[in-house]
Amino acid sequence: MTYQIKKAAVLGAGVMGATIAAHLANSGIECLLLDIVPFELKPADEAKGLTKESPAWRNSFAEAGLKGAIKSKPASFYAKSVAKLVKTGNLEDDIDKLADVDWVIEVVIENLKIKHELLAKVEKVIGPNCILSSNTSGLPINEVGSQLSASVKERFLGTHFFNPPRYMKLLEIISGPETKPEVVDFMAKFGEEVLGKGIVVCKDVPNFIANRIGVFDISNAITIMMEMELTVPELDAIIGKALGRPGSAICGTMDLVGLDTGMHVMKNLYDAVPDDEMRDIFQAPDFMVKMVEDGKLGNKTRQGYYKKSKDEKGKRVKLALDYNTNEYVAFSKPRFAELKEARKTPGGFAASLKYLFNSPGKVGDVVRAYLCRNFLYAANRIPEISDQINAIDDAMKWGYNHKLGPFELWDIVGLEDTVAVFKTLKMKLPKAITAMLKAGHKSFYEKREDGLYVYDLAAAEYSKIETNAKIILLPAVKAAGGVVATNPGASLIDLGDGIACVEFQSKMNAIDADVVGMLNQACDIVEKDFNGLVIANHATNFSVGANLFEVFVTIQKGDWDILDTMIKGFQDCNMRLKYLNKPVVTAPAGMALGGGCEISMHADRCQATGETYMGLVEVGVGVLPAGGGCKELMIRATEGIPDGTIANGLNLQTYYQKIFEVIAMAKVATSAVEAKEHGFIRKTEGLSMNRDHQIYDAKQIALGMSYFYKKPLSPMIPVMGDNFKGMIDSVLYNMRAGNYVSKYDCHVAGKVANVLSGGDCAEGSYVSEQLVLDLEREAFLSLCGEAKTQDRIMYMLKNGKPLRN
């Protein structure tokens, strides 16, 4: 049977249900969001003239859920405009609409009776090819679907999203006892390719994989905090980024999730696993129970393990809970020498982790106890929760934002090296691990010429991890001899099939002379030896923009000719990418700011990921975009204007006003969809929902274009000339008079207006790309010569954020 999902329905419009619906909409899936009808009319409803027959009242729960998702921070939707794909209704009047959907997701309260009653109604309506799933995180899928008919059971499974669904990569898929394998396979593929998720297929056991290991991880850390008499800040300092945990660490994560939610999950797990050897650790300590009783639930009540307050002078201060007294004390950042030394250890994260694991003293004791307990618990869960070591590792990376999973961490500290530590801690290794070591196998993962292998504890041998053709890993390509050219800032890599890739490798992928040099070298090589070029990397951020330190040093030396040459060189590089004889495709992800945004805009195609944050942010340091960013926004805003309409009096004000706001306000798009709305990405471009597939997608686009490619013609750009400058001057005058902007902000904005106006010309004039580039460069250089711009650049270099006047 062939399955497809074009339209879905989410039943339950609470926070989780509404945000799942939002992410389905992000993925281009039409979604019906249904919830129960309210129990009774409230005075506020009656004041609005609503009755129990009013759709506005009957759909109010679902509508409230949708509005909450639209307003949520961080944003659940890629853009507010995407919310139009979600339609609301209720479970009485609109249940028949489920007949037209391809996938129904149940996300109601964790009550088996309520779920059974709802699913009984649903199965009577859905079509014969409709897939039905539950988002339960604690109830067995077998029990949730136990009362369904035999034919529906074949299409019923668990689809457990992690909160918030837009940002958390993990999607656990749990097969029921009668679920058809092809349904599981389809949902896994759909989840990966359409929703952009990392898929882990789980057994139907309590809390599945990620929450089973993750709840233990946090409970273990809290237990160690009490055993070793650590303060809350000390625990988070040690069990934080240094061990590959997210920046929120342990207690910060609990505050984010909510203490009440965390305790609820712990209690459910305690009740569900009577035979778990570490069951008692899931009982919340007395101080945590007291916190919940006192309403110290975390961020949602503005007090949990941490609290933000104001001192007697009105200054904001951070407080931390003293769990012994249940009182807040002033937050003091712990200073552990071991953590400082670990950061200095050559060899990156692996060397730093090993240093901490082997260090003497309090920090080492905490690290060894915490990691070894985690290692042991994860090993003892095989085969109970999974047969595959890598499934557990993937679940923890994708569901809890851990840098590495427990078995990957165990490999780093050394499986053999932990044997003595386990004895010291009076912990017994599982028999399968002991047998593994006796057989001479010293790691869970093993790299071989034909790929990566993982140890199978049951079979007592290594098995190859299946590769995905849509995942192109640049380090692997380079290791296989794919480097064509390299320098300290970037590399040119052969992706195969006649497509090359430029990978940035400077600090934070900042644009410097080496990056520009490699881009130019790549153009030379690609025109001669390749069919197309992709510009992409695996870093957290595509590029944060120009190397400000390089610019600042040049300014301080007064080397204006050198600075002019630098800017001109970057402009010429971008123009070369734009007019190369071979197709160029950029693949930005994460932050693509300033110069990184400008490089992305000069390619033939831009294949961004959903989580791409683009912006021309130069005004934040007192300058303006000078790598062609102004020019490209001007082209994109006006390229669809029909010939002759400007000569016939078309007013360009609405076109240029939006561009001016985007640049002068340094707007940063918070998704690829928003980037399209701002003009950084053309609206006709596609996007890769799964970042792991992005380079493959970009390669395929370049390859497809290469068969018929002709470089674009250089456009002439219609401008408003002096009229635009006059209009902006009046706007800035009023804003300055109202004290909304500083005098210097007005000065910088005036420079932006001059560039966008096309210089000294009349409205309706057409200017060349080179003229706009010259105006950009002239304005950039003049602003760099001013003391206030230099102060702003220095502030940015010192503080990592722009100076706010």
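Visitor: What makes Glu-503 count as buried or exposed?

Guide: First, this is a predicted model, where local features need pLDDT of at least 70, side-chain atom pairs count only at pLDDT 80 or more, and totals for chains, interfaces and linings use all residues. Residues are numbered from 1 along each chain as its sequence is written, and side-chain values use heavy atoms, leaving out hydrogens and water. Buried means under 20% relative accessible area, exposed over 50%, and partly exposed in between (1.4 Å probe, protein chains only). Glu-503 has 9% relative accessibility, so Glu-503 counts as buried.

Visitor: How do you know that Glu-503 and Lys-478 meet in a salt bridge?

Guide: The term requires a side-chain nitrogen of Lys or Arg within 4 Å of a carboxyl oxygen of Asp or Glu. For Glu-503 and Lys-478 the N to O distance is 2.8 Å. Glu-503 lies in strand β17 (residues 499-504) and Lys-478 in helix α21, so the pair ties together parts 25 residues apart in sequence.

Visitor: Why does Lys-478 count as partly exposed?

Guide: Because its relative accessibility is 26%.

Visitor: What is the closest N and O distance between Glu-106 and Lys-115, and why do these residues count as buried?

Guide: The closest N and O atoms are 2.4 Å apart, and the two form a salt bridge. Glu-106 is at 0% relative accessibility and therefore counts as buried; Lys-115 is also at 0%, so Lys-115 counts as buried.

Visitor: Why is Lys-80 called exposed?

Guide: Because its relative accessible area is 65%. Lys-80 sits in the loop between α4 (60-71) and β3 (86-90).

Methods:
Helix = DSSP H or I, 4+ residues; strand = E, 2+ residues; numbered from the N terminus.
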